[in-house]
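I opened this model to see how its chains are put together. These are my notes, in the order in which I looked things up.

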Amino acid sequence: MRIEDHPILGKTERRERITLKVDGAAVPAFEGEAIAAALIASGRRVFRYTAKRREPRGVFCALGRCTDCMMIVNGQPNVRTCVTPARDGMVIQTQVGRRGGEATHDLETENS
Amino acid sequence: MKNDDLVICRCEEVTQADIKEVINQGVTTMNEVKRLTRAGMGLCQGKTCGRLVAGILSGETNQPLQELKPSTSRAPTRVLPLGTLSKTTQDDD
């Protein structure tokens, strides 16, 4: 969901509709909104898995401090999606561990 | 006290039990807790857990919160790609 009419900030300005590629799937977004906003609106809650315990993490502080919402954006790991503007065609991947390069099959084995 | 498996430092995944353990070993400062547990040494640099760690240390060691010195902070205080730093150097040449 998105807040369309905020009690203090007013009505949300309609911006250009764009498409992000998130783990291979197309996710609609508005140009310039936070990547995290588009992901939450699409129903996603898990943005990455932690390095040690492989716990799921998503939006926590939502203002660029806590680093919980980091994902791999256009190949670059550790990008704070809550303060990074969405651009058309951005390729976004769930990050596993510190650099995101750790294999996801580890994740499946450890969780099972 | 309960909830010892609570994650205090979300970046380095350090629990309340981990922090209490080093305090029980005789640690009395924020810097010591940081260096022994890595709480506050992750991506967010203690922005999220700093106050929580201070609260635990204060409670466990009976030191007033306002007298605890914060752990040492050093630049960069947020995640930067190394390229940002090298680019600056090139511009200065």
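I began with contacts in chain A: residues 24 or more positions apart account for 39% of those with a separation of 6 or more. I count two residues as in contact if their C-beta atoms, placed from the backbone, lie within 7 Å. The model is predicted, so I note that local features need pLDDT of at least 70 and side-chain atom pairs count only at pLDDT 80 or more, while totals for chains, interfaces and linings use all residues. Residues are numbered from 1 along each chain as its sequence is written, and chains are lettered from A and ligands numbered from 1 in the order in which they are written.

**Confidence.** I looked up pLDDT, the predictor's confidence in each residue, from 0 to 100. Chain A averages 89, and 89% of its residues score at least 70. Over residues 108–112 of chain A the pLDDT is below 50, and this stretch has two contacts in the model beyond near neighbours in sequence. Where pLDDT is low, the predicted coordinates should not be read in detail.

**Layout of chain A.** I found two helices and ten strands in chain A. Helices (H or I, at least four residues) and strands (E, at least two) are DSSP runs, numbered from the N terminus. Along the sequence the pattern reads β-β-β-β-α-β-β-β-β-β-β-α. Of the 112 residues in chain A, 29% are buried. For burial I use C-beta atoms placed from the backbone: a residue is buried if 20 or more others lie within 10 Å of its own, exposed if 12 or fewer, and partly exposed in between.

**Five-stranded sheet.** In what order do the five strands of the open sheet in chain A stand? I read β4-β3-β9-β7-β8, with mixed pairing. Two strands pair if DSSP finds at least two bridges between them. β4 and β8 (76–80) of chain A each have a single partner strand, so one side of each is left without a neighbour in the sheet. Neighbouring strands of this sheet are turned by 40° against each other on average, direction ignored. For that angle, axes are lines fitted to C-alpha atoms (for helices over the stretch in contact), and angles run from 0 to 180 degrees between N-to-C directions.

I then went through pairs of strands. β3(A) and β9 (residues 91–93) of chain A pair in the parallel sense over two bridges, and V22(A) has I92(A) as its bridge partner in β9(A). β7(A) and β9(A) run antiparallel and are joined by two bridges; here V73(A) stands opposite I92(A). β7(A) is also joined to β8(A), antiparallel, by three bridges, and V73(A) has Q76(A) as its bridge partner in β8(A). The hairpin of β7(A) and β8(A) has two residues between the strands, and N74(A) takes a positive phi near 50° there. From β7(A), M70(A) and I72(A) point one way and M71(A) and V73(A) the other, and all are buried.

**Three-stranded sheet.** I found another open sheet in chain A, with the order β6-β5-β10 and mixed pairing. Its edge strands are β6 (56–57) and β10 (95–96) of chain A, each pairing on one side only. β5 (residues 48–49) of chain A runs antiparallel to β6(A), joined by two bridges, and R48(A) has R57(A) as its bridge partner in β6(A).

**Cores.** A nonpolar core is a set of buried Ala, Val, Leu, Ile, Met, Phe, Trp, Tyr and Cys residues joined through C-beta atoms within 7 Å. The largest has 21 residues, and those with the most contacts inside it are L20(A), I35(A), L39(A) and I92(A). β3 (17–22), β4 (25–30), α1 (35–41) and β7 (70–73) of chain A each supply at least two of its residues. α1(A) gives the most to this core, with five residues. A second, separate core of 15 residues includes V14(B), I19(B), V27(B) and V53(B).

**Chain B.** I checked helix α1 (residues 16–24) of chain B, whose buried residues are Q16(B), D18(B), I19(B) and K20(B). Their cover includes β1 (7–9), β2 (14–15), α2 (30–37) and α3 (50–61) of chain B. Just after α1(B), G26(B) takes a positive phi of about 110°.

**Between the chains.** Nine residues of chain B are in contact with nine residues of chain A.
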